[in-house]
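Work through the exercises below with the sequence and coordinates at hand. Each task is followed by a solution in steps.

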Amino acid sequence: MLVGLFGNGKTTTASKLAKYYQKRGFKVALMTTDTWRPAAFDQLKQLADKIGVDFYGDKTAKHPTDIYNKFVSQLKKYDIVIIDTAGRDALNDELIEELNTLNKTIKADETLLVLSADIGQAAQKQAETFNETCNITGVIITKLDGTAKGGGALTACSVTKAPVKFIGVGEKIDALEEFRPDGFVGRLLGMGDLESLLEKIHEAISEEDAKDLGKKFLKRRIQLNRSL
Ligand SMILES: Nc1nc2c(ncn2[C@@H]2O[C@H](COP(=O)(O)OP(=O)(O)OP(=O)(O)O)[C@@H](O)[C@H]2O)c(=O)[nH]1
Ligand SMILES: [Mg+2]
């Protein structure tokens, strides 16, 4: 289950995770329980269709738990079900109550707090409240491709005692990386994360392509914006 305030990247990250695990051979489904924002259903459905994973949601449902309960019997066939939740612009009582109920109903194996890299010092209060509400097991820091380096978001980890699991590094579905402390520190210090780059290349191209790529490098005919 992914939780977080408005615009931190929950829905985008849900689809990135679906792609990540699908690529690794897992049978994945995406579910939206966002009954707050009318466009949330279509946003996640479009992403699920694009990736080619099953999607669950109900535009007419009034309560997030109703959606989960409606489909729960169909979820056993999946290895991983990624559940997107609604955000709010602040951690108000309504959101806390909603997540509390969802948490008790779903009993997710992982409850991941999605935080944008630019959150700064607000991270501490948010992390505390989310943790009290639904026991955070991991943190995902998004928008690390921007100017913010995510230092504030790291506070969330010390508060929740939950590790950063993934980082978001762009708007595209593939722009998700496993968190590596050394790469992260490299970024904080203004150095690149070469290991992640190598892993991405490894995932995206065959050995033969790699040899070909090597030749192109030598001939200086290479485009770095090839979609990974
Ligand atoms: N550059 C960049 N943009 C991102 C990243 N992750 C998400 N975004 C963008 O952030 C915006 C908000 O993302 P959403 O996934 O809709 O955020 P959300 O948390 O689901 O928002 P609500 O459902 O309104 O609470 C979108 O424009 C995304 O494309 C990232 O890692 N990098
Ligand atoms: Mg959303």
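## Exercise 1: helix 1

Solution. Helices (H or I, at least four residues) and strands (E, at least two) are DSSP runs numbered from the N terminus.

Some conventions apply throughout. This is a predicted model, in which local features need pLDDT of at least 70 and side-chain atom pairs count only at pLDDT 80 or more, while totals for chains, interfaces and linings use all residues. Residues are numbered from 1 along each chain as its sequence is written, and chains are lettered from A and ligands numbered from 1 in the order in which they are written.

Task: Is helix 1 largely enclosed or largely open?

Solution. First, the criterion: a residue is buried if 20 or more other C-beta atoms lie within 10 Å of its own, exposed if 12 or fewer, and partly exposed in between, with C-beta atoms placed from the backbone. Next, the count: 11 of the 14 residues of helix 1 are buried, so the helix is largely enclosed by the rest of the structure. The buried residues are K10, T11, T12, T13, A14, S15, K16, L17, A18, K19 and Y20. Just after the helix, G25 takes a positive phi of about 90°.

## Exercise 2: the shell around ligand 1

Task: Which residues come nearest to ligand 1, and which helix gives the most to its shell?

Solution. A residue is near a molecule if its C-beta atom, placed from the backbone, lies within 6 Å of it. The shell holds 21 residues, of which G9, T11, T12, G87 and G168 come nearest. Helix 1 (residues 10-23) gives the most, with three residues. By class, the shell has four nonpolar, 11 polar and six charged residues. Here Ala, Val, Leu, Ile, Met, Phe, Trp, Tyr, Cys and Pro count as nonpolar, Asp, Glu, Lys and Arg as charged, and the others, Gly among them, as polar.

## Exercise 3: strand 5 and its partners

Task: Which strands are joined to strand 5, and by how many bridges?

Solution. Two strands pair if DSSP finds at least two bridges between them. Strand 1 (residues 2-3) runs parallel to strand 5 and is joined to it by two bridges; L2 has L112 as its bridge partner. Strand 6 (residues 138-142) also runs parallel to strand 5, with five bridges, and L113 is partnered there by V139. Between strands 5 and 6 the chain passes through helix 5 (residues 123-134), and this β-α-β crossover is right-handed. A crossover is right-handed if, with the strands pointing away from the viewer, the path from the first strand over the helix to the second runs clockwise.

Task: Are the faces of strand 5 covered or open?

Solution. In a regular strand the side chains alternate between the two faces of the sheet. In strand 5, L112, V114 and S116 are buried on one side, and L113 and L115 on the other. Five of the five residues of strand 5 (residues 112-116) are buried, so the strand is largely enclosed by the rest of the structure.

## Exercise 4: strand 2

Task: Where does strand 2 find its bridge partners?

Solution. Five bridges join strand 2 to strand 4 (residues 80-84), in parallel, with I82 as the partner of L30. Three bridges join strand 2 to strand 3 (residues 54-56), again in parallel, and M31 stands opposite Y56. Strand 2, helix 2 (residues 40-51) and strand 3 form a right-handed β-α-β unit. Five of the five residues of strand 2 (residues 28-32) are buried, so this strand is largely enclosed.
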